[in-house]
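This report describes selected local features of one protein model. Please consult the sequence and the structure shown here before reading on.

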Amino acid sequence: MTKPPQSPPAPAANAMWGGRFTAGPDAIMQAINASIGFDRRLYAQDIQGSRAHAAMLAATGILTNKDAEAIGEGLLTVLSEIEAGTFRFRADLEDIHMNVEARLKELIGEPAGRLHTARSRNDQVAVDFRLWVRDQCDAAITGIEGLMRAFLAQADAGADWVMPGFTHLQTAQPVTWGHHMLAYVEMLSRDRSRFADARARMNECPLGAAALAGTSFPIDRHATAAALGFARPTANSLDSVSDRDFALEFLSAAGICAMHLSRFAEELVIWSSAQFRFVRLSDRWTTGSSIMPQKKNPDAAELLRAKLGRILGATVALFTVMKGLPLTYSKDMQEDKEQVFDAADTLMLALAAMTGMVGDMTANRDSLAAAAASGFSTATDLADWLVRALGLPFREAHHVTGTLVARAEALGIDLPGLTLAQMQAVHPGITEGVFTVLGVDNSVASRTSYGGTAPSQVRRQIARWKEVLA
């Protein structure tokens with residue numbers, strides 16, 4: 001006799017969700033719901049927050065000292081297991097919080113179940129993630145300062161080396177290598193301040209907001225905030241569990257910083273080409289060609305130029321997640337972490353690689369100087385001299401200089417190659433004194449306004465930055 005088809009066994013009830021659910025999740029639901037594959041990176045922050053929470057519960061009499069001590073010691077054991085690589089992460093436990101708690105229960109038994117008193121996974125993940133992003137701000141600041149020092153060393157070595165300054169990638173006026181390097185020090189200093197500002201704003205502790213409304217237990221949120229190094233607890237429980245501004249600020253600061261790195265990477269690609277030969281990159285940061293034996297490709301710079309896309313993508317992704325969410329917590333917010341993790345990894349790799357390239361690159365002083373003297377780069381100096389020496393209105397001086405540039409270009413020479421007679425044919429008032437401003441060294445030496453390219457100003461700024469970064 002044929003047996004009737006058997007129904008598949010019902011999934012077991014989910015222990016995490018208690019009595020509300022009689023069956024476990026579908027396999028696909030479990031796959032989309034679980035975050036342990038990526039939020040395991042929060043393990044140190046999760047354990048740090050749980051230990052502070054347990055200590056506060058004991059201090060306020062909500063938990064016995066005995067239970068709090070067992071929880072604290074048990075959490076340290078879990079931490080050591082994770083760091084040793086012996087901890088078994090389970091997808092059926094969804095996230096880092098439940099994985100840690102489940103292992104804690106195996107280690108210490110019943111007291112583990114008391115740890116979750118007066119908190120929710122909503123405020124738990126909010127504090128874990130905020131702690132992690134705060135750590136990344138500190139790491140970014142350290143990485144940026146290292147790169148600033150690398151640029152500063154380049155500036156110090158070539159404070160008076162002349163090179164062309166460009167607008168529209170056309171030769172504009174001569175500047176100094178040191179001045180160009182210091183431009184990136186300034187950019188990076190703004191990046192550093194953005195991360196510092198973001199860190200200060202995020203330095204409030206959401207732990208104790210519970211699910212969304214706070215808790216009826218007599219907790220001490222100021223104590224947990226202080227224990228975790230926060231300046232204060234957050235002031236609104238609804239905002240506490242729904243805020244991801246701190247992550248968006250981190251991503252925004254990372255994007256601007258990566259954009260600055262990308263700009264210099266673009267310059268390295270151009271400068272290291274055979275047409276420019278402004279710099280030579282070491283073998284550590286270049287690759288060859290599989291078919292063209294002469295090639296030395298600036299692949300590290302090119303890859304850095306592309307890394308900004310990942311960070312900008314992460315920023316847009318998180319903005320998109322957050323833009324339509326009502327208060328307070330929605331499961332959409334589980335999608336906040338992978339993007340931030342990837343952006344942080346990308347930024348730190350980019351900072352380290354750029355620091356290595358800047359430290360290793362060698363500027364070709366002769367090529368820089370030759371390029372600085374080409375393209376009529378001292379035309380503005382000539383116009384300024386006509387204003388100072390002859391009293392011409394600047395617009396007239398501009399016209400006279402343009403005419404002289406056209407004459408020199410027609411003759412295939414640069415401005416210093418014109419004779420005095422040729423210049424006087426355009427304006428009879430021009431004297432021999434004009435030749436004192438046409439050399440590139442004279443040009444850069446004259447730019448003594450604060451923040452200018454004159455070597456005296458460059459060395460002043462170098463000294464200032466050495467003091468700041470000491």
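Leu327 lies in the loop that runs between α11 (299-322) and α12 (337-360); helices (H or I, at least four residues) and strands (E, at least two) are DSSP runs, numbered from the N terminus. The model is a predicted one, in which local features need pLDDT of at least 70 and side-chain atom pairs count only at pLDDT 80 or more, while totals for chains, interfaces and linings use all residues. Residues are numbered from 1 along each chain as its sequence is written, and side-chain values use heavy atoms, with hydrogens and water left out.

**Surface patch.** Leu327 is exposed, with a relative accessible area of 64%. Here buried means under 20% relative accessible area, exposed over 50%, and partly exposed in between (1.4 Å probe, protein chains only). Together with Leu212 and Leu238, Leu327 makes a nonpolar surface patch of about 270 Å². Such patches consist of residues with over 30% relative accessible area and no salt bridge, with nonpolar side chains (Val, Leu, Ile, Met, Phe, Trp, Tyr) joined within 5 Å and like charges within 9 Å. A salt bridge is a side-chain nitrogen of Lys or Arg within 4 Å of a carboxyl oxygen of Asp or Glu. Accessible areas come from the Shrake-Rupley method with a 1.4 Å probe, and for residues only the protein chains shown count as cover.

**Helix α13.** In helix α13 (residues 365-372), the residues Ser367, Leu368, Ala371 and Ala372 are buried. Viewed down the axis of α13, these buried residues fall within an arc of 135°, so they line one face of the helix; the arc is that of the directions from the helix axis to the C-beta atoms. Asp366 and Ala370, on the other side of α13, are exposed. The buried residues of α13 pack against β1 (162-167), β2 (170-176), α7 (177-202), β6 (362-363) and α17 (440-446).

**Arg192.** Helix α7 also contains Arg192, which is buried at a relative accessible area of 19%. Leaving aside neighbours within four places in sequence, Arg192 is in contact (heavy atoms within 4.5 Å) with Ile141, Ile144, Glu145, Trp465, Val468 and Leu469. The C-alpha atoms of Arg192 and His168 are separated by 28 Å, the two residues being 24 residues apart along the chain.

**Cysteines.** With a disulfide taken as a pair of cysteine sulfur atoms within 2.5 Å, the count comes to 0 disulfides. Two cysteines are set out below.

| Cysteine | Relative accessibility | Closest cysteine sulfur |
|---|---|---|
| Cys137 | 0%, buried | Cys257, 12 Å, too far for a bond |
| Cys205 | 0%, buried | Cys137, 16 Å, too far for a bond |
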